[in-house]
Amino acid sequence: MPVISYIDAVTMAIREEMERDSQVFVLGEDVGKKGGVFKATHGLYDQFGEHRVIDTPLAESAIAGVGVGAAMYGMRPIAEMQFADFIMPAINQIISEAAKVRYRSNNDWSCPMVIRAPYGGGVHGALYHSQSVEAIFANQPGLKIVMPSTPYDVKGLLKAAIRDDDPVLFFEHKRAYRLIKGEVPADDYVLPIGKADVKRQGEDITVITYGLCVHFALQAAEKLASDGISAHVLDLRTVYPLDKEAIVEAASKTGKVLLITEDTKEGSIIGEVAAIIAENCLFDLDAPIMRLAGPDIPAMPYAPTMEKYFMVNPDKVEKAMRELAEY
Amino acid sequence: MTIEQMKMPQLGESVTEGTISSWLVKPGDVVNKYDSIAEVMTDKVNAEVPSSFSGTIKELKAEEGETLAVGEVICVIETETGSSTTIENEDLRGDEPEQAIEDAYNASEGNSMKSRYSPAVLKLSQENGIDLTTIQGTGREGRITRKDLLKQIEMKDLPQETAQPKVKTEEQTQPKPKVEQTSPIGTAPVHKGDIEVPVSGVRKAIAANMLRSKQEVPHAWTMVEVDATNLVNYRDSLKGEFKQKEGYNLTYFAFFVKAIAQSLKEFPEVNSMWAGDKIIQKKDINISIAVATDKALYVPVIKHADEKTIKGIAREITELADKVRTGKIKSDEMQGGTFTVNNTGSFGSIQSMGIINYPQAAILQVESIVKRPVIVNDMIAVRSMVNLCLSLDHRVLDGLVCGKFLARVKEIIEDMSKENTPIY
Amino acid sequence: MVKNRHEDLGLSNEKVIEIYKTMLMARRIDERMWLLNRSGKIPFVISCQGQEAAQVGAAFALDNTKDYVLPYYRDVGVVLTFGMTAKDLMLSGFAKAEDPNSAGRQMPGHFGQRSNRIVTGSSPVTTQVPHAVGIALAGKMNQEDLVAFVTFGEGSSNQGDFHEGANFAGVHKLPVIFMCENNKYAISVPIEKQLACENVSDRAIGYGMPGVTVDGNDPLAVYQAVKEAADRGRRGEGPTLVETISYRLTPHSSDDDDRSYRAPSEVAEAKTQDPIITFGAYLKETGVMDDALEKELNDQVMAIVNEATDYAESAPYADAESALQYVYAEK
């Protein structure tokens, strides 16, 4: 099985879907000739032409809104927001429109579109090139939010998102783009949206997280294993709507739960995960639910000292896991 | 002919009322559907209200200038035919969902949650040394709640009869009256110079038990007057020697307890408890005696009082009272009482209404022995008289049996003498 | 006798009667909605009154078998022309299950009916503009001969979505007709506090498209402008901005009292230009309609409106629990 990078899995999924279905097309800033600022759409312009890989005017609300219109017509648009931080002007189109088209028309219309955006820090991106924005959209029924951690999941989930009949926000961790490599089958496959995935089986503590933090948890779990601590790692993969069943199962398995997000803590995805556990697992818990997240400051600062301070990293994860194991 | 009602429309999203600024019709006028009948003014708009019916105006229900809530009838219209096309807007408040929730809640009965202990319950049980297997949970499916434990702990603090497990179970099957722990907080005004005394745990427990008894038990009250002259003479003849010999006092109270225990044996109905769908007559006669300290009231128990001599009872009264006053009383010494005797006479009372020591069926107050002129054989004589006051749970007991019971106590006491009342 | 202008536009007498009848239908439905609101039977009305000529004239210039319309909340005339019925609109007013727009989920005025290519809309204004561009883009990618027609008020023309959508369509030369129904008021704020330029159509040049302003009380003038725009779009020449000038004859909505911000005399003056009256007069002056036909048309329309009202009023609501349906696709 070929080993490819996270970003190559993005490109591969889009290419395969565009080859499979002529209604699939890409629109966004710099996605055409340049192939995207991160090169996520590299080669697609040459292969499919400017009419299916559209360089749009620099206007996020139009990118989203034109996508909504095309999707209501029956196309399968993949809109790219250059950075998740720049999705804000498009929020009205995403929340008031895309999320509600099916519901408000009583199933008469639908909006099968994907909005891709690179998110996350650790790349010297400062306040406006580092944010995690998923929590903003994570109480909007009608939307789905996918945040994969591995190249294998990227390909399977992005293809599923493109084929999904409802709007999907697909957030890709930009630090993972070239850092994370993994085996990805060359053939066609899709993974279910809305299903979490156990990335490591363990008995002593449970870590529930998503995105780049999954790798931090796996690394820490490896170290802890040599000390006889066995960690169970659940990758949420879809952060809205959450896979409640998998969360309850993973939390109940060890009774000690660490929730990790790179986002700022209050109001983040893991707060909802904690609520699900609190509602369902009272009699299985062996320790208070523990959270590891970014500090509650507006965004990640530029200076390397402060960036490092903000970011979740393998050391912080290991420390938290050890603390929980010893509880 | 059908009578139809025109109601105040909601004119504006947030509007709750409207004012009739002028009527455009009067009784007797014939109107067509959609003809304007009134001008209405609200916070948001001024508008003409059209009729929803064709017919004759029968009655205007409001004066000009009058403000009515949305949905109130503004006028009555008599129509030619039935209102076949008119449907009242459905009442959208429908209470079905609530009902469904309630049903779902009530659906699960059983004990599957009995041994699932929440962290809060475990913590309390450990801190207070409570064996959770002995607690009956009141939560869904038998779960022991934090409140169940708190209640248990409170009972322990108050050295007073806690109902035996059997009785307790019964209690829980009957609909429980809502019993407030104490009276509503913050109702009594505090003025300058007033002292606010914090309510201690024991005080709270006393308050809760008193309140519960008073709210749940229908109290009835009765009193008999007893001539204790013989008893006084008899006891006075013994007390010096007794004290010297035994080292503690031979009190009147011991004689009364003995007499009561003996009467209870003969009237077991009085030695009983209310248990919802039945009354439990207790085999053992265990007399709770009220012992007061400066701040609280304790009720230790003289077990099997009917089997004990007056001396034995006197000794136990002394020991229990000492233990209460020195704080050494143990909780098992305050459990299992079946009837309470309260020595109210010790502080000079001659008449009082006791509150029943829940869940017992009655409490007897032994008042002060006082010398009074009474008629004996049509002559005035000075006699030592004592009142015995009985509060009874009227669910369990009636006047007749209590009257007989008290008459028997009276008889025993009045007959007390060296000849028929052995001390040992 | 005045000049017969409709023949010059290729419109038969039957066609202009149809236009008139549709305008009348829009007006009578709207008037009925107000009566129902004032008698407490429906919670909300938002009106088309005064804009029927612009709406119906424009919609008649489109092909209602293949074009897409993205109406804004006043466009009763547009949706009637594209196949929605009086009964459908009444069902929406009463929020009943059979309402094709949303089955009682949305307030009245939030049109949508896929079978007639009336695209579903929301309440935040102007969001429909980029959607029209997306539909035109999709049509172009699929080599479909379609035009996307989108309307909005002059207040909405200040929104970013108008600018972003118009610019996108201009850049990509997409067959979109942007029609601003300028009724002089954005709720209470008059046009001079909305625009620094004289006409909304002045803005077209910034997006590389033609912009025209026409009399919104004249359905034939609007028909002509929209017809030309549609033809341009079909020829691949890109979008057009059409501005129709009319006057909002009612308060903004049933919740608004317009006496607080405009003089009754101003409204009375505007009513002399009411398109139902002026276009009726034109039809009579050109001999297309006589008093008898006018009465007959009015009776026909009222019969339909009465029937629609009774039907919708007695129709059932959707089950309360149907609120849980269609958040996502249901297999």
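Student: What percentage of the 327 residues in chain A is buried?
Tutor: This is a predicted model, in which local features need pLDDT of at least 70, side-chain atom pairs count only at pLDDT 80 or more, and totals for chains, interfaces and linings use all residues. Residues are numbered from 1 along each chain as its sequence is written, while chains are lettered from A and ligands numbered from 1 in the order in which they are written. A residue is buried if 20 or more other C-beta atoms, placed from the backbone, lie within 10 Å of its own. By that count, the buried share of chain A is 58%.

Student: What is the radius of gyration of chain A?
Tutor: Chain A has 13 helices and 14 strands, taken as DSSP runs (helices H or I, at least four residues; strands E, at least two) and numbered from the N terminus. The globule rule, 2.2 Å times the number of residues to the power 0.38, is compared with a radius taken over C-alpha atoms. For 327 residues the rule gives 20 Å, so chain A is as compact as a globular protein of that length, its radius of gyration being 19 Å.

Student: Which element gives the largest share of the side of chain C that touches chain B?
Tutor: Residues are in contact if their C-beta atoms, placed from the backbone, lie within 7 Å; 19 residues from chain B and 14 from chain C take part. On the chain C side, two or more residues each come from α1 (13-38) and α10 (291-314) of chain C. The largest share, three residues, is that of α10(C).

How values were computed
Buried ≥ 20, exposed ≤ 12 C-beta atoms within 10 Å, placed from the backbone. Contact = placed C-beta atoms within 7 Å.
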